[in-house]
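Please read the points below with the sequence and the model at hand.

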Amino acid sequence: MSIKETVNNPHSHWMDGTGPESDIVISSRVRVARNLAHLPFPHLLSREKAEDVIHAVQTAIENRVFREKMGKMELTRMNELTPVERQILVEKHLISPDLLEDFERKAVVLRDDEVLSVMVNEEDHLRLQCLLPGLQLNRAWELVSRLDDGLEATLDYAFDEKLGYLTACPTNVGTGLRASVMLHLPGLVMVNQIKGVLGTITKLGLTVRGLYGEGTEAKGNLFQVSNQVTLGQAEEDIIANLISVTRQLLGQERAAREALYRERREQLEDRVGRAYGLLKHARVMTSDEAMSLFSDLRLGIDMGIIKNIPAPLIIELMVLTRPAYLVKVTGKDLSPVERDIYRAQLIRKKLSAAQQS
Amino acid sequence: MECERCHQRPATVHLTEIINNEKRTMRLCEQCARELQAQAMGFFPQINLHNFLAGLLHNEFGFPTTGPTVAPAGARCEACGLTEAQFARQGLLGCGECYRYFGPRLEPVFRRIHGNTCHTGKVPERTGGKVRVINRLERLKAQLREAISREEFERAAELRDAIRELEKELQEG
Ligand SMILES: [Zn+2]
Ligand SMILES: [Zn+2]
């Protein structure tokens, strides 16, 4: 599969909904930061030297030993893509938005199934990433570590005996590892326990992020939990800690859902039903509104209230209704209002197709 | 007011993000806000760590310090030319060598961010050399202490054998 197919296909393996605990854990992500020895970090890199980094990575992935170990991976310079295509890679979570800035000197390496990627010349020379559906942090680390070894066979890393892998930002030094899970926690939000629960987590060396719009609820009730410390703990320990905290969160979220079903069943079914109704019939839909309705509908599916919609479709819709995809699908630039109209149309079409099949 | 992200266009959008239960409002231009929103599920904006770090660094680097042990203000990395002031402002180091130039003054920062100043994780396979063996040895020794304290003597014996193997490997180089 080429990069063009990647941007044309709205689906990515991480959206499959196949991994363990995938009713609550949307995805697991592991990324490591690596830099090449004897070169300034990207923000101080001259245009020619930035080119040298891209070239070195290209050579590394074409190396026979690398190919045998990792299979074929394809390098694409960001300037080979249109702005919409670049944005789609962000919406699919394959690259970070930072790769869009000053993109002339940046590149991305992708494996066919989009599970593994390498960002070149982002904040660090290399950012290796593995993205899998459900709770699969150990597997993700295994894959990233193997990719790391494959690259290190030809690349000299900036590494210090005492400090470990050297990174542009000192918050990443040591392992350079950031492991995270994306969690859907509508139950804890509805029973008003989310603040307390998340407050506890931050005392365990983890960071919790939720993105809030105008209101007070996290958009789509999605939360990202990741490790804060990168120095002084082995990768396996960092990941084991994150897994054990995630498991506790899963237990609490399931308990909250059960309590809701037991004690406020009418209200819960009403909320899910309203979300479903709006998504099926609305003609104009903002991205914020869609995110919060998707969350309610997804909860209804996970709890068996809604039976004929497959859960992974909701994740796919979350990506498919982002701005760049709408532009891609319709093939033209859209005003915000047109975007809201196309978004509603697309959601109606996808939901009725799912019902019929 | 200028956009916090690109520092170029005027800030017209206010985005509130909650990190660890603390509200932080980002003032952004429309384009930056759109770029950040596009990734709203999954890649949450990663710009705040720098701000957070810059706050810490301000204490270590931002003020002219008077202590006699501290390098003169305005010191710079000889390899890439990054100055302390640049570092304090951006929160980014310029190259691997910077860690040597700014090292002693970074230690308190490491302690505050990581609670630690020493790497104990993975070591590059090809270029890591002895460090790899030494780190593995230290981990095994820690496991051995734990096994003994839990009175798991069979496991302890296994660990002792593995440690002896590695020590031999180290001596033979
Ligand atoms: Zn801006
Ligand atoms: Zn430097």
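1. Domains of chain A. Chain A is divided into two parts, with domain 1 covering residues 3-253 and domain 2 covering residues 259-355. The C-alpha centres of domain 1 and domain 2 of chain A are separated by 27 Å.

2. The contact between the domains of chain A. On the side of domain 1 of chain A, 30 residues take part in contacts, and they meet 24 residues of domain 2 of chain A. About 2200 Å² of area is buried between domain 1 and domain 2 of chain A, and carbon and sulfur atoms give 65% of that area. The number of salt bridges between domain 1 and domain 2 of chain A is zero.

3. Burial of strand 8 of chain A. This strand spans residues 177-184, and because eight of its eight residues are buried, strand 8 of chain A is largely enclosed by the rest of the structure. The burial extends to both faces of the strand: A:L177, A:A179, A:V181 and A:L183 are buried on one side, while A:R178, A:S180, A:M182 and A:H184 are buried on the other.

4. Strand partners of strand 8 of chain A. Strand 8 of chain A runs antiparallel to strand 1 of chain A (residues 25-34), to which seven bridges join it. Within this pairing, A:A179 of strand 8 is the bridge partner of A:V30. Strand 8 of chain A also runs antiparallel to strand 10 of chain A (residues 222-227), with five bridges between them. Here A:H184 stands opposite A:L222 of strand 10.

5. Composition of chain B. Which elements make up chain B? Chain B contains seven helices and two strands, and from the N terminus on the order is β-β-α-α-α-α-α-α-α. Of its 173 residues, 42% count as buried. Among the contacts in chain B between residues at least 6 apart in sequence, 35% join residues at least 24 apart.

6. An annotated region of chain B. An unreviewed UniProt entry lists residues 130-169 of chain B as "coiled-coil region". In the predicted model, these residues of chain B are 92% helix and 0% strand, and the C-alpha atoms at the ends of residues 130-169 lie 10 Å apart.

Conventions:
Residues numbered from 1 in each chain as written. Chains lettered and ligands numbered in written order. Predicted model: local features only at pLDDT ≥ 70, side-chain atom pairs only at ≥ 80, totals over all residues. Heavy atoms only, no water. UniProt positions renumbered as here; feature names shortened; annotations may be inferred. Helix = DSSP H or I, 4+ residues; strand = E, 2+ residues; numbered from the N terminus. Buried < 20%, exposed > 50% of the residue type's maximum accessible area, 1.4 Å probe, protein only. Pairing = 2+ DSSP bridges. Domains from an automatic or database assignment. Contact = heavy atoms within 4.5 Å. Buried area = accessible area lost by both parts, 1.4 Å probe. Salt bridge = Lys/Arg side-chain N within 4 Å of Asp/Glu carboxyl O.
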